[in-house]
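Thanks for coming. I will keep this short and stay with what the coordinates show. Please have the viewer open.

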Amino acid sequence: MDGTNINNENENVFPTVICDDTKPEESNSKSGNENEIKSGRSKHEHELGQFFENPVYGQGDNDRCSTGDMDTVHKQNNQVYVVKSLKREIRKFRCCTFVFVLTTLGFLVLSLILAIFFFRKTAFDHPLLPSNTQWNQSEDHERNYQLHQQALSSWWQMFLSVNSPSCDCIDGYSGKLCEVTPCSSDPCVNSGLCFPANESYVCACPTGYTGKRCEVDSCDGFPCDNGGTKSVSGTTCKCSCRSGFSGSSCGVTPCSNQPCLHDGSCSISGHSFSCICSKGYSGKLCEVTPCSSSPCVNSGSCLNVNGSYLCVCPKGYSGKLCEVDPCDDFPCGNSGTKKVSGTACQCTCRSGFSGSSCEIDPCDGFVCGNEGTKTVSGTTCQCTCRSGFSGSFCEVTPCSNSPCVNSGSCLNVNGSYVCVCLDGYSGKLCEVDPCDGFVCDNGGTKTVLGTTCQCTCRSGFYGSFCEETPCTSQPCFHGGSCSISGNNYSCNCSKGFSGNSCEVTPCSSSPCVNSGSCLNVNGSYVCVCSTGYSGKLCEVDPCDGFVCGNGGTKTVSGTTCQCTCRRGFSGSFCEETPCTSQPCFHGGSCSISGNNYSCNCSKGFSGNSCEVGPCDGFPCDNGGTKTILGTKCQCTCRSGYFGSSCEVTPCSNQPCFHDGSCSISGHSFSCSCSEGYSGKLCEVTPCSSSPCVNSGSCLNVNGSYLCACLKGYSGKLCEVDPCEGFTCENGGTKTVSKTACQCTCRSGFSGSSCEITPCTSQPCLYDGSCAISGNSYSCNCLKGFLGNSCEVTPCSSSPCVNSGSCLNVNGSYVCVCSIGYSGKLCEGTNQ
């Protein structure tokens, strides 16, 4: 809604202002004030615009019939109503102002005329005096000024009585000229704008303030702690905090984020803080711990304990600082790496190397025959063979296919072979034989010895012509007949004999007993018996019918028989036993047990000889009662106690963990736990909540816990990981070594970040391009170049002869010939 629309509203809403005693017509009033209204429109429209921005009086709220704090606004289109009311007030004030301006101009003109009149009168009444006339000019001027003032005052009173206007003010306005408005007393507080409306006023409040007089402050009751100051921002109140403080209510202090580490106490100092550190800790934030100097060496874990430090050493290390290293002075050859295993040092050898000190390389014990040279290739050893030799071990020689016959010796000579023939043989391959026409019997083979031929006989045969057979030596015993079988013999034995050589006789089975002698007779045997024995086998014993009791054994002494008794038995016939003396007391029955006796005691008695009563000396602890059950004495224990003597109490199995003290309560127990432990059995420890992260080991120490971190990790909970943000390139894996993070590179890669690849050393020669292949490299060679590293060039075969120089050109070669030679290979001579 703009100013033009407002001015076009019906003017009858404004009452006519009564000036002097005359009421001018509405048309005259409109024509007399129209120009002034237009000239002041812009200013009032601006003020009204600010007024209607206030949410209390604007269109938004009042369209919903919300009156806010303006009690006089009730129409649906309240903006139009308020504007019309304000125009009415403005036009009333301008009417009186116009009359007042005309009167003031008339007064000024009349005052000028009177001033001229009095000046001239003074000049004529007091002409200039001669120089010798004494006159007090100052007093004359003062008198003239007073007369002038009296005249003006008299004229002004007269003028007012004749020309002064008289204003009849509407309700809410006062003053001679109705200049006192409802807003003259500045009722709007907090910089609110006041607008007269309906004989009262309306306050347009700044953003954030409400109420009829803008007296309601959005910061009322809003707290700002720690010396913060309140200010209004928009429709809300906010705190401007002192330096070092923050938060919506300045409640966040320099100590709020607990900056002091390791249980240090924080105190506020000005706009900052200071830390009071625990014993052994220092630094602005108590960040310097007893372990900050890293006193523990060899990857020992440092624990802050009671204001000092404690080193937890890796396996194998010892000493207060873990300075005792099991690997000191331990050698690892061939670039092997030392590591601690258990409490000892051992070497981790490079691939292909072995031995406790990596002293065994791939070529140790590796033999290259025929003067081949050993070289290590990767993790294996290989042979480089001389010309004419081949094979993994250079074992294949020119003589390997045995070209020489007739036992000729083959010699490797200059990459070929020469046959050295046995005496009597000749020819390049020793194929000419001196034994032609020579005969060997029984399958013997002809061999040359010196310059003559001789027979080499089959196994079992011998003689100059192999005429001697396996039966020639008559190997068959006891009249057995011999026959040849292959390269051996077989025997056909006489009756009663057997075996390969008929060596098994009828007496070989030792049929004669009781030391009888055996004789071979007519294919059978005869036993010759010892004195006192008889029978075919000498089996008839002089002790037959003789009885030895209780397991005694019979033996022949001379021609008579006697008893040898078992231990514990005696008598001529071993009839006296261990029970013969009746050793069992108290009616116990005796029985023989082995070579001794045992007593079967009456009920309630015991002991080897039943000498002990069942309850003699039998203890029942802890108030248990003794009773005999069968043949034994036993204890009947109180509830909660058990054991054969009631010696086991509720506390006997030490049910309280972690040094908790056990006390017996009735027939049960209760645990009194050490500081930091809890639970019925003191099983809940400071470490039960698993506070240590990153696989840190939790230690229960002095009622609290300590985290023993893995190598490289730190922090109270081992939460500080040394590998955070650390990058390993080319598929390397991050591992913690001591207190730092390092990369374990894939085979073929190296460098602190695995940035060195198999191609970094530029292994491809002659501008070949390198590509990574697995853990090695491959070369894409230029035309004409070959080999793993492009090392084979067109000139590698030395094509240029006669001392010509070879040049690699465009994938081929060019020969630069010596003086006097020509041709592609310098093979020709210049005539």
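I will go through confidence, then the disulfides, then a hairpin and some backbone angles.

This is a predicted model. The protein chain has an average pLDDT of 77, and 81% of the residues score at least 70. Confidence is lowest in helix α1, residues 3–7, with a mean of 34, and highest in strand β36, residues 776–780, at 93. Over residues 1–86 the pLDDT stays under 50, and the model has 113 contacts beyond four places in sequence for them. Residues 121–138 are also below 50, and that stretch has five contacts beyond near neighbours in sequence. Where pLDDT is low, predicted coordinates should not be read in detail.

Now the disulfides. How many does a search of the whole structure find? The search gives 53. I will show three of them.

Cysteine 313 is joined to cysteine 322, with an S to S distance of 2.0 Å. The torsion about that S-S bond is about -90 degrees, so this disulfide is left-handed. Cysteine 313 is partly exposed, with a relative accessible area of 24%, while cysteine 322 is buried at 0%.

Next, cysteine 457 and cysteine 466 form a disulfide with sulfur atoms 2.1 Å apart. The torsion here is about -100 degrees, so the link is left-handed. Cysteine 457 is partly exposed at 23% relative accessible area, and cysteine 466 is buried at 0%.

On to the hairpin. Strands β15, residues 409–413, and β16, residues 416–420, pair in the antiparallel sense over five bridges. Serine 409 stands opposite valine 420 in β16. Two residues lie between the strands, and asparagine 414 has a positive phi near 55 degrees.

Most residues other than glycine have a negative phi. Two further positive cases are in loops. Serine 294 has a phi near 50 degrees and lies between β8 and β9. Cysteine 502, with a phi of about 60 degrees, is found between β20 and β21. Serine 294 is exposed, because its relative accessible area of 52% is over 50%. Cysteine 502 is buried, at 0%.

How values were computed: Residues are numbered from 1 along each chain as its sequence is written. This is a predicted model: local features need pLDDT of at least 70, side-chain atom pairs count only at pLDDT 80 or more; totals for chains, interfaces and linings use all residues. Side-chain values use heavy atoms; hydrogens and water are left out. pLDDT is the predictor's confidence in each residue, from 0 to 100. Helices (H or I, at least four residues) and strands (E, at least two) are DSSP runs, numbered from the N terminus. Contact means heavy atoms within 4.5 Å. Buried means under 20% relative accessible area, exposed over 50%, partly exposed in between (1.4 Å probe, protein chains only). Two strands pair if DSSP finds at least two bridges between them. A disulfide is a pair of cysteine sulfur atoms within 2.5 Å.
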